[in-house]
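Dear colleague,

Please find the structure for your review below. The findings follow directly after it.

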Amino acid sequence: MTMKAMTMKIVYLLGTPYCGSSLFALALGTDPHILNLGEVIFMENDAEGGRCRCSCGVTLRNCPFWAPLLPHYGPGGSGGLVLTEPKTRRLDPLDGSRLGPRGDTAAYRHKAVRFFETVGAWSGAAVLVDASKNPRRLRQLLADPRLDVVVVRLTRPFWEVAASYRARG
């Protein structure tokens, strides 16, 4: 049996919108050894922290947890938060071949690992929860032997998802 080298244990939530991932991630985050990062994929293109909101309700640049980490990210930063190009993220093929700058999947994985290492060291958490729910991102994380990724697939009956969409307008 071979052991997988790891930097951090990552719990990756996979599912559709309105599958309950936010509630599930918040529940996991109540454990003092687990840090709920939310939907990391939305933070990837917000290196200045002005659009995305933390689970505490404020933008990343105003959050007491994320604000000190933001200088490590973006152009010239070392932390690797900016992982995809905004114009191509929705057009990425399922094989992930266009993830990351100019389609460099190795660079994408390296930056993702660096991000998890930085946040893990900063927080002291033993487990990080990524609720991105994106199968392309998951494929890249699973392909990196430095990560120990546990996938939790959340499902919800279609009529409940439809009711959530209807309630949100």
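Contact, as used in this message, means heavy atoms within 4.5 Å. Helices (H or I, at least four residues) and strands (E, at least two) are DSSP runs, numbered from the N terminus. This is a predicted model, in which local features need pLDDT of at least 70 and side-chain atom pairs count only at pLDDT 80 or more, while totals for chains, interfaces and linings use all residues. Residues are numbered from 1 along each chain as its sequence is written, and side-chain values use heavy atoms, with hydrogens and water left out.

The sheet

Strands of a sheet pair through backbone hydrogen bonds, either parallel or antiparallel. Here, 4 strands form an open sheet in the order β2-β3-β1-β4, with parallel pairing; two strands pair if DSSP finds at least two bridges between them. At the edges are β2 (34-36) and β4 (148-153), each of which pairs on one side only. From one strand to the next, the twist averages 25 degrees; axes are lines fitted to C-alpha atoms, for helices over the stretch in contact, and angles run from 0 to 180 degrees between N-to-C directions. The parallel strands β1 and β4 are joined by 6 bridges, and Tyr12 stands opposite Val151 in β4. Helix α1 packs on the sheet, where it touches β1, β2, β3 and β4, and its direction makes about 155 degrees with that of β1.

The helix pair

The axes of α3 (residues 105-123) and α4 come within 9 Å and cross at roughly 80 degrees. The two helices are therefore roughly perpendicular, a term for angles of 65 to 115 degrees. In this contact, Thr105, Tyr108, Arg109, Ala112 and Phe116 of α3 meet Arg137, Gln140 and Leu141 of α4.

Two loops

Pro17 and Tyr18 both lie in the loop between β1 (9-14) and α1 (21-28). Tyr18 has a positive phi of about 65 degrees although it is not a glycine. Pro17 is partly exposed, with a relative accessible area of 44%; buried means under 20%, exposed over 50% and partly exposed in between (1.4 Å probe, protein chains only). Tyr18 is also partly exposed, at 25%.

Not counting residues up to four places away in sequence, Pro17 touches Lys133, Val161 and Tyr165. Pro17 and Tyr165 are 148 residues apart in sequence, yet 9.2 Å apart in space, C-alpha to C-alpha. Lys133 lies in the loop between β3 (127-130) and α4 (135-142). Its phi is likewise positive, near 65 degrees, and Lys133 is buried, with a relative accessible area of 14%.

Yours sincerely

How values were computed: Angles under 35 degrees count as roughly parallel, over 145 as roughly antiparallel, 65 to 115 as roughly perpendicular and the rest as oblique.
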